[in-house]
Every structure is written in structure tokens, then in C-alpha cells.
Amino acid sequence: MLKLPQESVSELYVVLKTDVDKENALQKLSDENPELKVDYSYSEEEIEEESKNLIVQMYVLLIIISIMSFYIIYSSFKVLILERMPVIGTFRSIGANKRQTSLMLIFESSVYGVLGGILGCFTGLLILYIVVRMSMTGNLENVNIELTFSVIDIIIAFLWAVVLAIVSAILPVLSANKKSIKTIVLNQPEIKQVKKSSFVGFMISLIIICAAIGLLYVPFKKGAIVFDSISLVLLIIGAFRITSYIIHFIASKFEKLYSLFFGNAGLIALKNIKNSSESINNVLLLTLAVATAISVFTVTGSIVFEINNVVSSSYHFDYIIKSQSMNDEFRDKLVNIEEIQDSYGLFSQRNVSINDSEKTINVVEGIDTHNYLDFRSFDFEGTEAEKKKCIEKLDSGKNIIMTYMLMDKYDLKENDIVSLETNDGKVDYTVVGSFYSMLESGGNYALISEENLKEDFNIVNYSQFYIKSEDPAIETKLFLEFPNDNISITSIDELIEVSKKSSEQKTNIFNGLSCVVIIICFFGLLNNLIMNYLERRKTKAIMRSIGMTKSKGILIVLVEALTCGIFGGLIGVAEGLGIIHISKFVMKAINKPYAIKINPSVFVMFFTIALVSSVLSFVFLEMKTRKMSISEEIKGR
Amino acid sequence: MKKIVDVIDVCKSFYIAGEEVPILKHIDLSIKKGSFTSIMGPSGSGKSTFLYLLGGLDEPTSGDIQINKKSIVKLNDKQKSNMRLKNIGFVFQFYNLVPTLNVRDNIMLPVLLDKKKAKDYEERYKELIEITGLSKRERNLPCELSGGQQQRVAIARALINDPEIILADEPIGNLDSITGKEIMELFSKLNREKGVTFIQVTHSLEASEYGDNLIKLKDGKVIK
């Protein structure tokens, strides 16, 4: 039997020994303490629900970072293979066949994968440690959070790096195979057939994007998260493909405008961008980084906004009182306290099973339909009068109102019958309405009438009281009034503060990860530019040899950088909006239908970052070519 | 014939691992306007270096180079760029076209760099594209062209601004004999009909025979 401490407590938390079966312990404690309500502090399902949006966002980031890494490795390997061509030629000329040289290159890529994997695992653990430290704010400040990961996790991450390196390298390796020995050995430039911007290619890209959008509306609830993930990948592929068409189109149409603003330098810059795979790669990387950062910031920001505002927008009172024994006598005493303007007693039942299944509703609230809306509120599709009318329906039979989240989760619609598992067995309730609320783990609660709850669940005590009072000394007064009731009082301000601190952790983690994406992108840009450094030096030397002045060279580079930044930023913003749209469906699929709020300042910020990153990376390159000798470059020394 | 290039006691050294390596030693020579000069010599004799000095792409260690009696050694970077843009056209062994620009844009590049309007050079462009036989390739990128075609583009680019001198570094060194012959005949024709001064560095005796003036370099010195 549990022995309650002498001091006033309303809730007692029990820590079980590690080898104790939880189910049995719960049953035993309930049987031995019939006057107490014994339940999990947090059920497995609740923990899973709570962590779902965190996990899903992590997966979305993983997909995006993998695509970004693939692209960076792929473009790097294309250049690396060009450098390896003389060696490949030598091998081929002494009898190595295409298969052997391909295996050699793929083996090389796997070595990079192994090295990257080892380094990545160590770096990953370091980042994980930083992320955990970042999350230990607010109510977790003094909690010792242990990093738990298994060897399997590390092996999977390592293998992922190796696979990513090999897969990314395969395409350039296969294209190297197409070259003849003569071409390689003599270092002869091959005549290529450059793919022109075709209407068919554009249409294929458009179809991919349309397919990405279409997949979101596939009416399969069970596989929704899979379809949404495919939709995300298709959107990124479609956006990748369509970007080069957009650049080509705009570069062709804006020649006059550029000529007007930047003179012939603008014209040359625009022509360079149009046909340069390096510039297009830069735009693509910027696009993906901007889109990722915008979507992560927007989705995280929206969740945090909802969490922060859920208390202030749902509760219209000043304090919550909780105690074990809040009956009518307690209520009468409470309403007679002079400093209390108004009060509301709420009956509720936690973890109610429905429809003979493991499906549960976290909280079923039994409400007094006459004054519930004076203390609590929620979003409703309809007017205030309709909302009131919907609430009043609860008094006319066994009726229930559920959140959209629950309706969606359990595939229910209005007028459906749900069977609630009560103390007296199953009782059928008719769904008479739905509403939007993020209280109780993102809206895992339903409303029935007070009378029905009391009757079906044999509840006599209130679970909590809401009070309105402007007296700052009300808490002291309440403790004096109810010295033996073990009451706990929480002010709404305290609740708001707690929810803010708790959401800060998520914000810190995701903002940190968004920064990682931006950093990867910036290094990707630099990597891309450095990989094409020799070609760029040569081009600059050619242009200098036919009379380009240094200042004109800088102007051309600056216009190129600005244009790439603007393209990357704008297309990134559009792609970001697409990912945000998909995120809405992902949230819905995991039963967290948070309302996404678009914040224009986030878009402006990341557009500016794209622009600055682009200019900085080009400036970096320009600095490196500042003192080059034209003749040496031309001679190729 | 009037002299267009004067090379006065020019020396050029490179520094490799802190040690001075002389490439050109006290070169003195003049080149007449409208002539077709070939510079020959074994590898490492300093032919290309000499050509790049004439074009202001490099600076002599000592001595002076004058074009139309004006020293180019004393010019600053901007003035040298301007001189290359207006007075000199370059043709290189490996063509050196800008890979991101198509045939038309590569040919028009000197015009664009000179703050001039492309439409003012439309007639000149059409004439060159006709002479070089590239009229069906205007929209192609360099990587879509054969070596001979790329060299023709480089020649057209060198001529678009109507320069007085064309400097060619092994212009047919990377081409097959038939294409090489076609290119040399084109040079010769332009030299005869347009009066353009050609200075070419070559290893090929056949190519040198198109010229009317031969300079032989050995160990950094003029031997003929």
C-alpha cells in the first residue's frame, strides 16, 4: 500500500525498479489503493505521440540532407574523374578493361565513403552532444540527459555514408566509360551533343512536380506518410530539373534588362550562367538550402507558436486548482471566496478506450454546456452561435464532440457511433461535432456532457477547477481556505512560461539543424566552385587575353554571383513553400495537424542569406584568381 | 614597309625554386606592318614566351617592346587590356574559347568587352562567319565543335575588332593536316587581302612557308 507523505500533496510520482513489470505494478497499486487513481504519468502511446513530430521532421531533414550530399558528391566526382582521366587512359592503354577501371573508381569512391563515414560518425556524435546540450534549457535545465545510441545506429550511419558515396559516384563513372581509349590517352576534347532546353524536358519536370502534389491527395490514410515522403522527394527532383529550364528561360529573356543595368558585363554574365553547369549547380544547392531552411523554420516556428499560444488561446481564466477530493462541498466553499470572480469545475476521465480496441482518447472532459465556453475555447468551423449550438447538443443524449485530430486519427465523421469503455461497460456515443485544438498532446481529447461523464464513469469529484481572480494574493488565500485538501495551484502565466520553455528546446534543435543545412550548402557551393576552379581560372585568363580589364572581370563575377543568389533564393522560396505544403500533409498523417503560419521575415532572411552566400563564395574565388599569371594559365602550367 | 613591332634588348627570366632561369636573352628585332612572320625553334627555346610578351600577357625582365612606336612595357594593366582589345588578336593552339558561350557570343566577346554595341558589328560578324565557314554553327557551344571549327571561331574572334596584329601560338598544332592547311590558307588570305600583320609561333615547316619572314630562336636567342 502506498503511504502518502504527511505534507500536502495532490499527486505522487512513483519510480519502479528497473526489473518490475509496469502493467503488473499498475494493477497492483490500483488494487491496493482503491481511494487513489493510479495511472501512468505518461503512457507509451503519449510519449510516441509527443515525439512523432520531432521524429518526422528529423526524417524530412535526413531526406533533404541526403539529396544535398548526393548532389555535392556527384558533382565533385564528375570533376574528380576528369582529373583521373590520364590515369584511366594509362590503365586502359596497358590492357585494363572498362569494368576494371570502373571498379577502380568505384573502389575509390567507397574509400571516400569509409573515411567520410568514420569522420561523419564522430562529427555526428559531437553534433548530437551539442544538440542535447542545446535542448537542456527551461524545465530540463537541471536534468541529466543521457545520450543513448547503439552500435547498430553507428553502423547504419556509417553504411549509409558508404552507400551514398558509391551511389553518387556511379553516374560519373559510367559516363567516363563511354570515352574511347584514344580520346583519353591523347587528351582530345570530345565533341559533345549538349542537351538544349527542350519543351519535352520542361514538361517532364512539370509532370514530376504535379505528381508530387497529386500524391498528397491519395486517399489512403494508412500509407499517407509514405506517399507524403515520396511526394517530398519528387518535389525536390522536379524542382532540380525545372530550375535549369527556368534559368535558361530567364537568362534568355532578361538580356536587355541586364544590358541596361550592367552594360555588356551583365550580358556576358547572363550568357555564362545560361550554359554553365557550375552556375546551375550553385543555384540548385542554394535552392535546396533555402527551401530546407525556410520549411524547417516555418514548420518549427508554427508548432512553437501553437504550443506557446495553446494555453493563452484556450484558457480564459487565471488559475487552475487540482486536488484529490474536489467535491460539491469544495465547490461551494470556493464560490464563496470573495476574491474569486467566477469559477468552473471540470470533470474528466483519462485514457478512455474506444470501439473495443487499443485506440484511446487521452482525456474525455465532462462539461457544463452552459458556461464551459466562458472558461475554455477552441477553433470551430462556423460562427460562435453554431459553436454554442454544437456544445448544447451534448445535453440531448449520449453525444460526443471530438477534435479534428481524433476524428482524423480514428477515421470518424459526424453522426458516427463510438463506443466508449466506461466503468459499467461499453456505452455508445454519437459524434455530433468536431473542433480544432492543440491541448492534450496536440488535441487528443473529446467533450461529453457533465451528466453523462459522471453517470458512465462513476465520477463524483472534480478533476480541476478554473478560477478567475485579479487578486495577486489569491494563491495564499486558497491555501489558507483549503489547508487539508492537498491542493495545487497553477497560474496561467506559469503554464505559458512552462510551455514556452519546453518549446524552446524544439526550436533550438531545429534551428540548429537548419544552420547545419546552410553550412553544408555553403561548403557545397565552395566545393563546387573549387572543383571548377581550374576551368574558371582558364576562362578568366582567356577573357583577359582578349582584353578584359580586371574591373570588368570583377563586375562580371559579381553579376553572376548576384544572379545565382537571386535565382537560388527565389526558386528556393518557391520550393520552400512546396515543402511547407507537403509538411501540412505529413503533420496530418501523424495526427499533428498544426496550423502552419507563413512568416515573410523568414523568407526574406533566407533569401538574403542565399544572396550573401553566393556573393561570398564568388568573392572567395575571385580573391584566389586575383594574382594569377595570364600567360601561365593560357600555357596550362 | 612601316615597322609595327620593335623589340629592344628584351630579356625574360623565370624563377624556379628561387633560382633564375633565363628564357629569352637580349632579343632585338623588328617586324614590319602587313608581314607574315613565323617564329620557329626547338621546345623550350622561348617562342611562346616571346609571343606572350608581344601581346602584353607577360612582362619582360628587362628591355622594351614597342607597338607602333609606343612602349607596351610601361603601360598599366588597364592600358594593356585596352591594347589587346583594340590592336591585337590572339589565336592559341588549344583554341581557348569560353566554354559557356556559343559560337556567336565567343566571336562577339571582344566587342562586348569593348563596351560596343553588338549590332554595330553585325556586318563584320557576318563577313567573318562567312569567311570561316561557320554560318551553320552559330548557336553551338565550343564542346559541340571539331578542333578545326573551334580554331576558326578563335580566328574570327581575333579578327572581329579589326586588330592590326594577330599573334598565333601553334595555331595548327592541334589539328589534322588537311584542317591545318585550310587554317593556314585562311591566315594567308587575311594577311594578303586585309593587310593584317601575322606573327605565328610554329613547329611546322609547312606552316612557316606561308610566312614571308622567319625568326629562329634557340636557347633564348635569335639565330636568324
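Predicted model: local features only at pLDDT ≥ 70, side-chain atom pairs only at ≥ 80, totals over all residues.
1. Buried means under 20% relative accessible area, exposed means over 50%, and partly exposed lies in between, using a 1.4 Å probe and protein chains only. With that in hand, Cys11(B) is buried at a relative accessible area of 13%. Cys564(A) is buried too, with a relative accessible area of 0%.

2. Residues are numbered from 1 along each chain as its sequence is written, chains are lettered from A and ligands numbered from 1 in the order in which they are written, and side-chain values use heavy atoms, with hydrogens and water left out.

3. Now the overall picture of chain A. Its secondary structure comes to 21 helices and nine strands, where helices (H or I, at least four residues) and strands (E, at least two) are DSSP runs numbered from the N terminus. The C-alpha trace of chain A spans about 100 × 60 × 45 Å along its principal axes. Of the 637 residues in chain A, 47% are buried. Taking contact as heavy atoms within 4.5 Å, 81% of the contacts in chain A between residues at least 6 apart in sequence join residues at least 24 apart.

4. On domains, the bounds come from an automatic or database domain assignment. For chain A this gives domain 1 (1–41), domain 2 (259–313 + 496–637) and domain 3 (314–495). The C-alpha centres of domain 2 and domain 3 of chain A lie 49 Å apart. Across that pair, 16 residues of domain 2 are in contact with 15 residues of domain 3.

5. Rings of Phe, Tyr and Trp (its six-membered ring) pair if their centres lie within 6.5 Å; planes under 30 degrees apart count as stacked, over 60 as edge-to-face and the rest as tilted. The structure holds 28 such pairs over all chains. One of them is Phe70(A) with Tyr74(A): the ring centres are 6.1 Å apart and the planes are at 5 degrees, so the pair is stacked. Both residues belong to helix α2 (residues 44–93) of chain A, four residues apart, or about one helical turn. Phe70(A) is partly exposed, at a relative accessible area of 26%.

6. How are the rings of Tyr71(A) and Phe240(A) arranged? Their centres are 4.9 Å apart and their planes are at 90 degrees, so the pair is edge-to-face. This pair links distant parts of the chain, since Tyr71(A) is in helix α2 and Phe240(A) in helix α7 (residues 224–253) of chain A, 169 residues apart. Tyr71(A) counts as buried at 11% relative accessibility, and Phe240(A) is buried at 15%.

7. Also in helix α7 of chain A is Thr243(A), which counts as buried at 0% relative accessibility. Leaving aside neighbours within four places in sequence, Thr243(A) is in contact with Val283(A), Leu284(A) and Ile571(A). Thr243(A) and Thr287(A) are 44 residues apart in sequence, with their C-alpha atoms 8.8 Å apart.

8. Ring pairs also link Tyr315(A), Phe317(A), Tyr344(A), Tyr372(A), Phe375(A) and Tyr466(A) into a cluster. A charge sits over a ring if NZ of Lys or CZ of Arg is within 6 Å of the ring centre and within 35 degrees of the ring normal. The charged end of Lys468(A) sits over the ring of Phe375(A), 4.6 Å from its centre. Lys387(A) lies over the face of Phe378(A), 5.1 Å from the ring centre.

9. Helix α18 (residues 533–545) of chain A is mostly covered, with ten of its 13 residues buried. Among them are Tyr533(A), Arg536(A), Ile542(A) and Met543(A). After α18(A) comes Gly547(A), with a positive phi near 110 degrees.

10. Finally, backbone angles. Most residues other than glycine have a negative phi. Asp411(A) has a positive phi, near 55 degrees, and lies in the loop between α13 (404–409) and β5 (417–422) of chain A. Asp411(A) counts as exposed at 60% relative accessibility. Asp9(B) also has a positive phi, about 45 degrees, but is placed in strand β1 (residues 3–16) of chain B. Asp9(B) is partly exposed, with a relative accessible area of 33%.
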